[in-house]
Structures are given as structure tokens and as C-alpha cells.
Amino acid sequence: MTIASTAHSVCFHHSSTGEFVEDQERQRLLAQYAEIASLAGGLAHEIRNPLSTITLNLELLIEDVEASETPRDRRMLGKLRKVQAECGHLNDIVNAFLQFARAGEIQLVDADLNSVVRDFVDFYRPTAAEHRIDISPHLEANLPPVRLDRSLMRQVLQNLAQNALQAMPSGGLLELQTFSRDSKVRLEFIDTGTGMEEKTRSKLFHVFYSTKPNGSGLGLPTVRKIVEAHGGTITCESELGKGTRFSIALPIVE
């Protein structure tokens, strides 16, 4: 997708000066996102090629020593598997970075947000049940249409659900609510998890910030980037021991 076609897909003409300025800013961001995505693609390619070679040779080395019972080979096998695990972690980081960089590549069409949420709930319910999490959707009937990239909005839901799952290691309740208010369609993602303190909450959307040992720190920044590319906003409220609420607001189609 070219920068020009991407910008055109979200260009509207408004009589309001404020809305026109917002469109200009959105197009500027989309052009910036496209440039970052191009750089990220090249970087990911340069990293993946040697990483694939390293991973393949590690697998061959592991095959050579895993059948051996000598103390030396058992020690070597342990070290090789640690390197293999770190290569897997590095590959995950590269994928997360590429996902973040490409989040601004957007194709908007008039859509029903409820339809996207229902499809996601049907898909995610088995995973939630496996982790003893109940999903409770409360979707307002006759929700006004919004302009969505269905694939990217599905990614938003997936990332928020993963965040909620990690916050509820012993199970809990995940609520998805939609409603319209103040010329916006709103989606609220509410969990009954561990919650977080203000210091952590204030850094949630910072790139590469993560409270998880193996986290990339790109999941929630990717969510924010996608929402903003839709012309929307996202906020977070949280309290330790009580849970977390993510609130997304998207402009209604005029």
C-alpha cells in the first residue's frame, strides 16, 4: 500500500475548520506511519535472515547432542536450548515491532463495531474458558456506523484481551460494552484482574515499557496507534485489586 492510497482512504471534506485540521493531522500521521513501516520492514528482513540461519544451526546442533548421555554433552544441550529460547524471544520482538510499525497502514470502510466485537467474542471464548475467564458482551442495539479497518480493530481486541488474560491468572470476568455518546461510538474493555498502580498505568502506552519479564512493550502502544489512526482515542482506568477498564472512542460516520 502506498502512502498516497493510504492517505486517500481516510480523507474527508468538512465545512468545519477544526475537522479539516484534524484530517490534515491524520494524513500527516499516516504518511509518517508508512515511512516507519517501510524502515521496519527492511530492519526486520535484515534481522530475520541471520536469525533463521542461527536457529536452523541450533536445531542441528541440538539433534547432534540430545541423544548423548555424557555429562559434557548434557551441559552443552542445556546451553544450546537456552540460546534457542532467546532466539525465539528475539523473533517475537521483531514480529511485535513490525506489527507496531505497520499499525498505521489502514483502510477504512463504514462498518458496524458490534459485528467486529461479536466475531471476536465467538473466536476468543474457547481461550477465555480455558483460563477460567467469563466473557460478557453488552452491545447497544442500533449502534451508529463508524469507519473501521476490521483487521486492525480485531488486532486491538486481541491485544486488549491478552492483556486482560495476563491480569487474571486465576480467572475472572471480561466485559465488552458498546454504546454511543457525544457523537462517538464507544467500546469499553473491562476486566476484574489485579489492576495496577498509577505509576504503571501512566506508562502503559510508552513504547518498549513492559512489566512482564519477556514482554516486548509494544502491545498497548500498537493498540493506541491503531485507535489514533482511526481518528479515535483510548484511555485507561485501573485500581489495584479491582481491575482495569480500557475505553475507546471512535467518531460516528456523518
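Mentor: H5 passes H7 in a left-handed crossing, a term used when the near helix is turned anticlockwise from the far one by less than a right angle, clockwise being right-handed. This is a predicted model, in which local features need pLDDT of at least 70 and side-chain atom pairs count only at pLDDT 80 or more, whereas totals for chains, interfaces and linings use all residues. Residues are numbered from 1 along each chain as its sequence is written, and side-chain values use heavy atoms, with hydrogens and water left out.

The axes of H5 and H7 (residues 219-229) come within 9 Å and cross at roughly 145°; here an axis is a line fitted to C-alpha atoms, for helices over the stretch in contact, and angles run from 0 to 180 degrees between N-to-C directions. From H5 the contact draws on Leu152, Gln155, Val156, Asn159, Leu160 and Asn163, and from H7 on Gly219, Leu220, Thr222, Val223, Ile226 and Val227, where contact means heavy atoms within 4.5 Å. Sorted by class, the contact has seven nonpolar, five polar and no charged residues, with Ala, Val, Leu, Ile, Met, Phe, Trp, Tyr, Cys and Pro counted as nonpolar, Asp, Glu, Lys and Arg as charged, and the others, Gly among them, as polar. Helices (H or I, at least four residues) and strands (E, at least two) are DSSP runs numbered from the N terminus.

H7 is mostly covered, since eight of its 11 residues are buried, meaning under 20% relative accessible area, as against exposed at over 50% and partly exposed in between (1.4 Å probe, protein chains only). The buried residues of H7 are Leu220, Pro221, Thr222, Val223, Lys225, Ile226, Val227 and Ala229. On the other helix, Gln166 lies in H5 (residues 150-167) and is partly exposed, with a relative accessible area of 37%. Gln166 and Thr194 are 28 residues apart in sequence, and their C-alpha atoms are 9.2 Å apart in space.

Moving on from H7, His230 sits in the loop between H7 and strand E6 (233-239) and is buried, because its relative accessible area is 4%. The side chain of His230 reaches the backbone nitrogen of Asp149 at 3.0 Å, and, residues up to four places away in sequence not being counted, His230 touches Ile106, Leu108, Arg147, Leu148, Asp149, Leu152, Met153, Leu250 and Pro251.

Ile248 touches Val156, Leu160, Val185, Arg186, Leu187, Val227, Thr233 and Ile234, leaving aside residues up to four places away in sequence.

Most residues other than glycine have a negative phi. Arg132, in the loop between helix H4 (113-130) and strand E2 (133-139), has a positive phi near 60° and counts as exposed at 54% relative accessibility. Ser183, in the loop between strand E4 (172-181) and strand E5 (184-191), also has a phi near 60°, and at 53% relative accessibility Ser183 counts as exposed.

As for the whole, the protein comes to seven helices and seven strands, and 39% of its 254 residues count as buried. Residues 24 or more positions apart account for 72% of the contacts with a separation of 6 or more.

Terms used
Polar contact = N/O pair within 3.5 Å; in protein donor to acceptor, adjacent residues only side chain to side chain.
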